Amino acid sequence: MDTPLILASSSRIRAELLKNAGVDFRSVQARVDEEQLRDALLAEGAPARDVADVLADAKARKVSLKYPEALIIGSDQVLSFRGEIISKCETKEEAFELLSRMRGQSHQLLSAAVVYHQGEAQWRHVGVVRMVMRDFSDEYLHDYIERNWNSIREAVGCYKLEEEGVRLFREVNGDYFSVLGLPLLPLLDFLAVRGVIES
């Protein structure tokens, strides 16, 4: 198929997942005020699933308006803990407080993907993963944050399952790729059915 494929994201891990799967695409950052949009959705009482979906949709739609001939993949991830949507931590102290609250508890990661073509949504999916943290010590948590801060400061929940963050968990129920930020398997299935990738 001659339709170009664009990932509406500057995310290194999402691009890496598609590249490793042998998908031919290019990345274009979506200029969307995510914080303002998220705050508006939360003010309306939107559930976490809707927040993830709307943010992914906004990114795909924005880039699709500029490249209508391409298939545009928009994606976003939301962490829900006890009914609260968690944002990225700005400081090590915030990270310590957040992970202290979440240890020994379960939370959900919701990874949404939306595909646009010619300014219209063609496909959407929200992957939901239930994560259960171990009851780790304050000492380990402090050392973990110090060792990994440069990496985890950009990750919602202050962990990366593909790195040392895996040691924070007792149980992960759901799709590994959704934990990384992209529901890759359903997306690949759609692209195969659409004829964008060989099947």
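1. Throughout this note a residue is called buried under 20% relative accessible area, exposed over 50%, and partly exposed in between, with a 1.4 Å probe and protein chains only. The areas themselves come from the Shrake-Rupley method, and for residues only the protein chains shown count as cover. By that cut-off R170 is exposed, because its relative accessible area is 56%.

2. This is a predicted model, in which local features need pLDDT of at least 70 and side-chain atom pairs count only at pLDDT 80 or more, whereas totals for chains, interfaces and linings use all residues. Residues are numbered from 1 along each chain as its sequence is written, and side-chain values use heavy atoms, with hydrogens and water left out.

3. Salt bridges, taken as a side-chain nitrogen of Lys or Arg within 4 Å of a carboxyl oxygen of Asp or Glu, number 14 in a search of the whole structure. One of them joins R170 to E171, with N and O 3.9 Å apart, and E171, at 30% relative accessibility, counts as partly exposed.

4. A network of salt bridges links D53, D57, R61 and R124. Helices (H or I, at least four residues) and strands (E, at least two) are DSSP runs numbered from the N terminus.

5. D57 also meets R124 in a salt bridge at 2.7 Å, N to O. Since R124 lies in strand β6 and D57 in helix α3, this pair ties together parts that are 67 residues apart in sequence. D57 is buried at a relative accessible area of 9%, while R61 is partly exposed at 37% relative accessibility and R124 is partly exposed at 38%.

6. Four aromatic pairs are found in a search of the whole structure, where rings of Phe, Tyr and Trp (its six-membered ring) pair if their centres lie within 6.5 Å, and planes under 30 degrees apart count as stacked, over 60 as edge-to-face and the rest as tilted. One of the pairs is W123 with F190, which is stacked, at 5.4 Å centre to centre and 20 degrees between the planes. W123 belongs to strand β6 (residues 120-133) and F190 to helix α7 (residues 184-194), so the pair connects parts that are 67 residues apart in sequence. Both W123 and F190 are buried.

7. On the surface, D33, E35, D39, E90, E93, E94 and E154 form a patch of negative charge. Patches are made of residues with over 30% relative accessible area and no salt bridge, like charges being joined within 9 Å and nonpolar side chains (Val, Leu, Ile, Met, Phe, Trp, Tyr) within 5 Å. Helices α2 (34-43) and α4 (92-102) each supply at least two residues of this patch. D33 is in the loop between β2 (26-27) and α2, and its 46% relative accessibility makes it partly exposed.

8. C158 is found in the loop between α5 (138-152) and β7 (169-173), and with a relative accessible area of 0% C158 is buried. The C-alpha atoms of C158 and L99 are separated by 7.7 Å, although the two residues are 59 residues apart along the chain.

Terms used:
Areas by Shrake-Rupley, 256 points an atom, 1.4 Å probe, with all protein chains shown as cover. Lys, Arg positive; Asp, Glu negative; His and termini not counted. Charge placed at Lys NZ, Arg CZ, Asp CG, Glu CD.
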